[in-house]
Amino acid sequence: MTGMLPLVAWKIGSEIAFVAEGQASATGETVEWGRQCGFYSSVEESSVVAQSVEDAGGVCFVPGFGGLLVPINDSKACCGIIGITPNTRPTHLARAVLESVAFRINQLFKTAQAETQVKQTVVKIDGGISRNDFIVQLVADLIQCPVERQADYRDMTTFGAAMLAGLAVGFWTR
């Protein structure tokens, strides 16, 4: 692997599960930045705003808060906005911000497929981004794979850690 990080996901007894990790860091921060700029008032509203225009009007946003990780691996990369014209409206900027999150997830997905040789039949999404219909649909369109939201738990990382801790101390059994 050249971009994804091979990690041990968990070890229970003699069973070891591995994972190839790649992060689209700061996706939530990117959407929050758009809210702070006044492009929309909430994550849910951002989806409506983005869908109110046909496209981003040629505006491209690079979501480099905290650098760009796999496969670019440039911790010094920063954000950028290009393509602004006199016709650019806040709705175009909002859409470009949300598109950048979906494009970044697509980039990670394609890297993971190339490096692991595993074809995904479904992708599961959680966290704040999963509440954004526009991003979820654009990700599904880009990766050409169904995207399922986790309905019961917004943050599956926390839930998974709690489940593994419970298994480790014998609170639950498999």
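**Cysteines and charged pairs**

Reply: Cys 78 counts as exposed, at 57% relative accessibility. This is a predicted model. A disulfide is a covalent bond between the sulfur atoms of two cysteines. The structure holds zero disulfides. Cys 78 is in none, and its nearest cysteine sulfur, that of Cys 79, is 6.9 Å away. The cut-off for a disulfide is 2.5 Å between the sulfur atoms. The sulfur of Cys 79 has its closest cysteine sulfur in Cys 78, and 6.9 Å is too far for a bond.

Now the charged pairs. Side chains of opposite charge can pair when their charged atoms come close. The structure holds four salt bridges. Three are described here, one at a time.

Start with helix α1, residues 27–36. Here Arg 35 forms a salt bridge with Glu 32. Their closest N and O atoms are 2.5 Å apart. The two residues sit three apart in α1, about one turn of the helix. An α-helix has 3.6 residues a turn, so residues three or four places apart point the same way. Arg 35 is partly exposed, with a relative accessible area of 34%. Glu 32 is also partly exposed, at 29%.

Next comes helix α3, residues 90–116. This helix has 27 residues. From its first C-alpha to its last it reaches 39 Å, close to the 39 Å expected at 1.5 Å a residue. Within α3, Arg 95 and Glu 99 are four residues apart, about one helical turn. Their side chains meet in a salt bridge, at 2.9 Å from N to O. Arg 95 counts as buried, at 13% relative accessibility. Glu 99 counts as buried too, at 12%. The cut-off for buried is under 20% relative accessible area, so both residues qualify. Just after α3, Gln 117 takes a positive phi of about 60°.

The last pair is Asp 133 and Arg 149, which form a salt bridge with closest N and O atoms 2.7 Å apart. This pair links distant parts of the chain, 16 residues apart. Asp 133 lies in helix α4, residues 133–143, and Arg 149 lies in strand β6, residues 147–149. Asp 133 is partly exposed, with a relative accessible area of 43%. Arg 149 is partly exposed as well, at 38%.

Terms used. Residues are numbered from 1 along each chain as its sequence is written. This is a predicted model: local features need pLDDT of at least 70, side-chain atom pairs count only at pLDDT 80 or more; totals for chains, interfaces and linings use all residues. Side-chain values use heavy atoms; hydrogens and water are left out. The expected span of a helix is 1.5 Å times one less than its number of residues. Buried means under 20% relative accessible area, exposed over 50%, partly exposed in between (1.4 Å probe, protein chains only).
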